[in-house]
Amino acid sequence: TTVNEVVLLRHSGADKGILTLELNRPKAKNALSRSLVAEFRKVLSEIRNDHDVRVVVIRSTVPGVFCAGADLKERATMSPTEVEQFLYSMKTAFKELEALPQPTIAALDGAALGGGFELSLCCDLRIAGPRAILGLPETSLAIIPGAGGTLRLTKLIGSSRTKALVFTARRFGPYPALSMGIVNDVVEANECMDENTSDHSLGYERAIEWAREILPNGPIAVRMAKRSIDHASKVDPGTGLDVEQLCYAQVIPTEDRLEGLRAFKEKRKPVYKGC
Ligand code: CO8
């Protein structure tokens, strides 16, 4: 039997609407191979049109590793044309992830290096567990980040800090990542941990808490906010304000907007349906 390298978990009960996407290729530390990227793109197309999915959390099933980046072993066996095709597919996968209408959260509980780090940069939020190790080691392999890293990291933290990380190929932990603004939140190591508990998934657990905080808000509003914010860094300010207005116009006719006003008046929590 073939094992899925990308696994989807749909949460239920109060967490209905949260979807966890797991990277599950333990033998290669979730390295991005042709087959993993193909599976990843397949599930993204499934998620994109699923209105029951309100928040996506991406995590790894492999202790100590989020994703080791491009599969360097498979790469060594590819012809130049195959490398080119693969890179195109990987870059398209990353654009598709970035373009998901729902908010996405990367739970970084281990090494996220090279393409693995670049993948997390396509998410809206990043949450680091105590064992997170991030970095763009490409220049140490005599290449450069080629799956959006130089662009997306620069957008996030500016060119000087990006250059410092790329030129040195340095690996860094959760706190430098937090102070540079690369991650939104860090979970401290649990000092009272005994043998039965582990810190392999503290970042994931925190990411789920973030998802729970997003979940009750108006689903269309959250999607439109994402769309507007994503446009902000791509267009001139005048166009950006026009885009914001267009996104705003999408929430005006919704049932949910009226429910928000009713709930306020009745001093209760709103219940949004996404329509
Ligand atoms: N590709 C293929 N196999 C890998 C990779 C990888 N990136 N990383 C780890 N593995 C394999 C190892 O070779 C090893 O296999 P085996 O058991 O057969 O020897 C197995 O996974 C376990 O690895 P380790 O024993 O090293 O496991 P550790 O838990 O000690 O360490 C690390 C895990 C920290 C992830 C470590 O393996 C590591 O540092 N890996 C290399 C990470 C790296 O350099 N990644 C960057 C790759 S470059 C990149 O992603 C460029 C993307 C841009 C593409 C666009 C370019 C134009």
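Two strands count as paired here if DSSP finds at least two bridges between them. Keep that in mind for β1 and β2 (residues 18-23) in this predicted model: five bridges join the two strands, which run antiparallel. If you want a spot to look at, Leu8 stands opposite Leu21 in β2.

Now zoom out to the sheet those strands belong to. It's an open sheet of six strands with mixed pairing, and its order reads β1-β2-β3-β5-β7-β10. At the edges you'll find β1 (6-10) and β10 (185-186); each has a single partner strand, so one side of each is left without a neighbour in the sheet. Back at the β1 end, helix α1 (residues 34-48) lies across β1, β2 and β3 (55-60). The helix runs at about 25 degrees to β1.

Next up is the ligand. What surrounds it? A shell of 23 residues does, and the closest are Ala68, Gly69, Gly114, Gly115 and Gly146. Two elements that each supply at least two residues of this shell are α2 (72-76) and β6 (111-113).

How far should you trust the coordinates? Where pLDDT is low, the predicted coordinates should not be read in detail. For this protein the average pLDDT is 95, and 97% of the residues score at least 70. As for the complex, the predictor gives an ipTM of 0.95 and a pTM of 0.96.

Conventions:
Residues are numbered from 1 along each chain as its sequence is written. This is a predicted model: local features need pLDDT of at least 70, side-chain atom pairs count only at pLDDT 80 or more; totals for chains, interfaces and linings use all residues. Helices (H or I, at least four residues) and strands (E, at least two) are DSSP runs, numbered from the N terminus. Two residues are in contact if their C-beta atoms, placed from the backbone, lie within 7 Å. Axes are lines fitted to C-alpha atoms, for helices over the stretch in contact, and angles run from 0 to 180 degrees between N-to-C directions. A residue is near a molecule or strand if its C-beta atom, placed from the backbone, lies within 6 Å of it. pLDDT is the predictor's confidence in each residue, from 0 to 100.
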